Amino acid sequence: MSLITSTSPHATVKNNTGAFMRQVIYATLPGLAVLTWQFGWGSVINVLWAVIVALVSEALFLKARGRNIAFYLKDYSAVVTAVLLGLALPPTAPWWLTLIGVSFAIIVAKQLYGGLGMNPFNPAMVGYVLLLISFPVAMTQWLSPGEPLSFVQSWQLFTGQLPVDGLSGATPLDTFRTAHSAGAVSESELASHGILHGQFAGLGWEWVNLAFLLGGLYLISRKIITWHIPLGFLAGLGLPALLAWLIDPVRFADPLFQLFSGGAMLGAFFIATDPVSAATSRMGRLIYALLIGLLIWVIRSFGGYPDAVAFSVLLLNLSAPFIDYYTQPRTYGHKSSNRGVS
Amino acid sequence: MSQAQTNKTRKTRSVFARLASGIRRPASIHDFHGGIHPPEMKHLSNGTPIVPGPLPQQLVLPLNMHIGAPAKPLVAPGDKVLKGQMIAEPIGAVSAAIHAPTSGTVSAIGPRPIQHPSGMDAVCIVIDTDGEDQWVEHQGIADYTEKSPAELVDLIRHAGIAGMGGAGFPTSIKVNLGDHQRVEQLLINAVECEPYITADDRLMRERAEQIVTGIHILQYLLNPRRTLIGIEDNKPEAISAIKRACKGCDIEVRVVPTKYPSGGEKQLIQLLTGKEVASGQLPAQVGVVCQNVGTAYAIKRAVCDGEPLVSRVTTLTGDGVSQPGNYEVLLGTPVRDLLAHGNLAGLDIGRLVMGGPMMGFTLHNPGVPVVKTTNCIIAASPEELPEPPPEQPCIRCGSCAEVCPANLLPQQLYWHAKNDDLEKAQHHNLMDCIECGACAYVCPSHIPLVQYYRYAKGEVRQQAADQVKADKARQRFEARQARIEQEQAEKEARRQARLEANRKKKEAGPAAASTVDVAALKQASLDASKAYKAAVKAAKAAEAEGADNLAELKAEVDRLKAVADKAKAAVRDAKDGAPVAAAPAEDAVAKLKKQVGDASSAYKAAVKAAKAAEAEGADNVAELKAQADTLKANADALKAELREAKTNAPAAAAPVAQADPVAELKKQVGDASSAYKAAVKAARQADEDGADNAADLRAEADRLKAVADQLKADLRDAKANAPASPAPTSPSTATAEEQPDPVAALKKQVGDASLAYKAAVKAAKQADEDGADNAADLHSEVARLKAIADQLKAELRDAKAAAPPTPKAAPAATATTDSPAVSEEQAPQSLSEVDPEQAAKRQKRLKGLKTAYNMAHKQYKEAHAAYERAERNETANADELQAMQVKIDKLKAKADNARDALDALVEEAKADIRAHTGKDLKTLKLEAARAESALADKQQELEQQRSSASEDTLEALSSELQALESETQIARKALKQAVEEQGLAE
Ligand code: SF4
Ligand code: SF4
């Protein structure tokens, strides 16, 4: 009789990290569907292409590092990174844009740091910011919501056969910003921009964000993520927005508009919640997410970019270890929690 | 978040908790953080009643089935034993007896495999059963309230009862708290939260009445304000059975929601009382005592039926047994026999677990016996509990932190433990982890987290032990330094006194001798009490600082007090003796009284110390208690002596007194030599067992031998004296007779003392080499013996000087004594040029490299083991094996690299030492060694000369000795400093 000897516990849950990651991928599907409904097939093509690029770069790099390729690919972390980045890119993105962004995210932001679990920054956001800085025009060419392109058109955009210029339209956040930098100061002026007035937030984007919210709630219900980061994120963004809007409703966008525009929900439920690069204790996560939300509101309202999820997340990734040091929970049998480095 | 906020949130939370509990739960069940809900698997074994286990051919009973000192065998191979007969008795405070679980013959006492994480063997008593199962005569107590609690505690101790829930802590300790500790709540742990286990469940269903009787006995012993039973809500039958049995008495049944680990002691306390046991404290300190239901049942059986703990209910379950269920198993039954009894229909077993699946241990050998703590045996097929899947990277998902009942951050602990960053791990409260395994259970990356924590905890403990060792060494060194100085002062004072005395004697002639003596003695007495007072002060200071060596200092104080008292008594004697020299008997009585007083105060102090130590959960409680016991014995003996002396005193007729001592001495000699023989035997036994304290025992044996020898010598002396001194009442003859005698006796004593000292030195060295724990103790013993020897020597010298009016003693004391003040700074100075910054840097690098090497090496070894396992089991194909091989090679290269770097750095450091001191490390070491051996030689020479040479030579020799000693110290110090500065501490 050859007996297994091992340390306790002798039973473990049946799921694994790969299953965890797959749940995240499933939860993005409603968002992807709405993006397709609003803008055409661009996002689907982006996501699929991003996944291929990610798997190939990860495999190549694992081979170079002499790792077991199949074992590590099965953790699905590369796929999650690719899907998130693919969703964040505009549906007009040509193939090379995705290629550069995703390969950089996988190779530099993840594998060079030592692979899964070792990366201090959210790889998808590192890729996104690289593209945003290097190709600012290509990265801001969205389409007008509610006017989806056909698959052929999307494919031609992807392969670069169709010039973008004639098709692209501004997003609600863009419109709001441009209106203000052009000196719009009255309500009637804002009212003239139809895109700012959907059912309850920006046209089209309200549905995209609602879909991501639904996917996020699914993740919480499956205990893949806890409520701390999404709630902190949305509160950090929504509360200052509410306050400012009450003070000056013309200069500042209303909180619903803020919460349901741009990458707010995708950021709150899928990006800021990347556990590897986030703070780790419950309290730490709450603080971490509150600050991300706040930073997004500040940059949206006063900064030079229409949206700011990627920058804010990266900045807070940088501070996560520090937050961790000061947010240890109070251990059983201790009067207070330990603070500081050690 | 600030403290105030934390408190606020906690308060709000508890308000919510109370609101929520008002809706969902019965009143006053609190909740604890985290917890998991693994599949319960209890249905496998909870459907059938408890049935008797097998009667195997052989029973194997480990001597340490409990926490604490192993029991001491009372039987020898070949002895016939009956069921229930005590075969090993508890020794020390924390221990429990062992009884024969059935009748048969003891076939062996020796090492056998037992359940131990390290796979170690332990000493067991093996019984070949005879199948008769014949009980020894036993009788229960009809009404336990007629017995005092102390009697019952003793009964429990001798019934061998130890915590049956898992830890195996002797129950007699837990139910004997002393009067000062009020028990608020007695908690009966019937939670049984681990999956699979149903032993307590069945026990409650079938024997609720007996359990409740056991709880009543516990109540009688502890007198708690409230008694609560905690049962998980997945055992409705057990709950109703217990509720029925408790009807009409003051035991409250509390149903707690099913969640692992609600059965953890700390968690149960939190659930039922809302209290938290502060980190590092015991439940008793918050007024709570926890006992397992199984223990309560065992207590009932022991008290009311007179049946000691010889069996227990064990769950046999898992899909590797065809008849899972609960068996009343005889302790010592090999698991193999139990499996066979469970009708193992050739089913495939992949994993054998003793205990539950969450905290149990895998068995490497099915021959290990069931012990008092074995609540479950899981024989699982490879499908049921498969080999753990490969470890993936931690994604910091935080699932582990969500379920940790201690509210730790397991992911951070893992990170720091993996990087060997013990400081940070401790900062994250590593030591508060209860190793419940909830975190590892939920980890999606299947990281064996608990294994990492055990490793890190072991390292932390090791470090702490090393630290204590180093501190002790330092303190010993300092104490020794102080003692040397003090002895110097004492010696000087004595020398002065002697000089003075001789001078006066010469001046005043023999007539005034006694008064002179008195003056000298007064001086000596003054010095002694001064020294005593200084020591008291030092001890107090040390106590304030909470120094470790308090006990040592106290001993020192006591010693000095004794010296001072002696001196005082001598003064008194001299005073009384000079004019009248009348009542020596009364004097002796007074002295005895004094001694009795001292002895009993020493005893009391020891008892106090023992209690304090116990409260702190110190390890050496048992030792202290034993010490207290000896002291008490001492005090008692002295008291008896005093009584005797008192009765003798009035009728101080010479012949009686004369005859008595001889007889008494004879008796003492007899006692001492039998004690010596016993000690020798014990030492030998210990040697065989490879026990830690073998060295200790040997030293004890040596000491006893010395005592016996001395007594024999005394006896001889006394015999010689007896006939020769027919009229001891006459003071003049007495002095004449006794004059030469004391010198001889003292010489003898000196000889004995140095013998004892040498033996102790040897024992200590041996212990050092063995790395024994008690080396420090032995060293202090050595120091003490040396002090005694020195004192005796001094006394001898004094006596010699005093005995005949020798003319040569006084002037001879030349000025040689002043030389030992060799400048200590000489050697270390040269080292101060080392660039401290660089050294510090190097130290850091050294540390880092060491860790890197250790980790790499460990990983390499693990990988290698995994490879071998895979190869053996053929679970991996050639490609995978190849990949593993590559990995192994890489790890090995990594480890080698780290080692090379480490070596290079060490070399560099050594070169630096050479550059700065002009000597290399080896030279320094050699110098230190040489100095030490020269010192030893000198000591020996002195020893040899002591009896023969004149006092001049002796003085000269001892001053040389001192010079050598300080030289040795300098050499040692230089070496130590060099090593430390370069971070080379080995
Ligand atoms: S559960 Fe496992 S993977 Fe998740 S944070 Fe804890 S240790 Fe890491
Ligand atoms: S094993 Fe330790 S760290 Fe893990 S859940 Fe239990 S107490 Fe917490």
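Q: How many residue pairs are in polar contact across the interface of chain B and chain A?

A: A polar contact is a pair of N or O atoms within 3.5 Å; within protein, one must be able to donate a hydrogen and the other to accept it, and residues adjacent in sequence count only if both atoms are side-chain atoms. Here the rule finds 29 residue pairs, both residues at pLDDT 80 or more. This is a predicted model, in which local features need pLDDT of at least 70 and side-chain atom pairs count only at pLDDT 80 or more, while totals for chains, interfaces and linings use all residues. Side-chain values use heavy atoms, without hydrogens and water.

Q: How many salt bridges are there between chain B and chain A?

A: A salt bridge is a side-chain nitrogen of Lys or Arg within 4 Å of a carboxyl oxygen of Asp or Glu. The count is three. R282(A) and E402(B) form a salt bridge, at 2.5 Å from N to O.

Q: What area is buried between chain B and chain A?

A: The size of an interface is often given as the accessible area lost when the parts come together. Buried area is that loss (1.4 Å probe), summed over both parts. For this pair the value is about 5200 Å², and carbon and sulfur atoms give 54% of it. In chain B, I395(B), R396(B) and H427(B) lose the most area to chain A, together 13% of what that side buries.

Q: What does chain B average in pLDDT?

A: pLDDT is the predictor's confidence in each residue, from 0 to 100. Chain B averages 75, with 59% of the residues scoring at least 70.

Conventions:
Residues are numbered from 1 along each chain as its sequence is written. Chains are lettered from A and ligands numbered from 1 in the order in which they are written. Buried area is the accessible area (1.4 Å probe) that two parts lose on being put together, summed over both.
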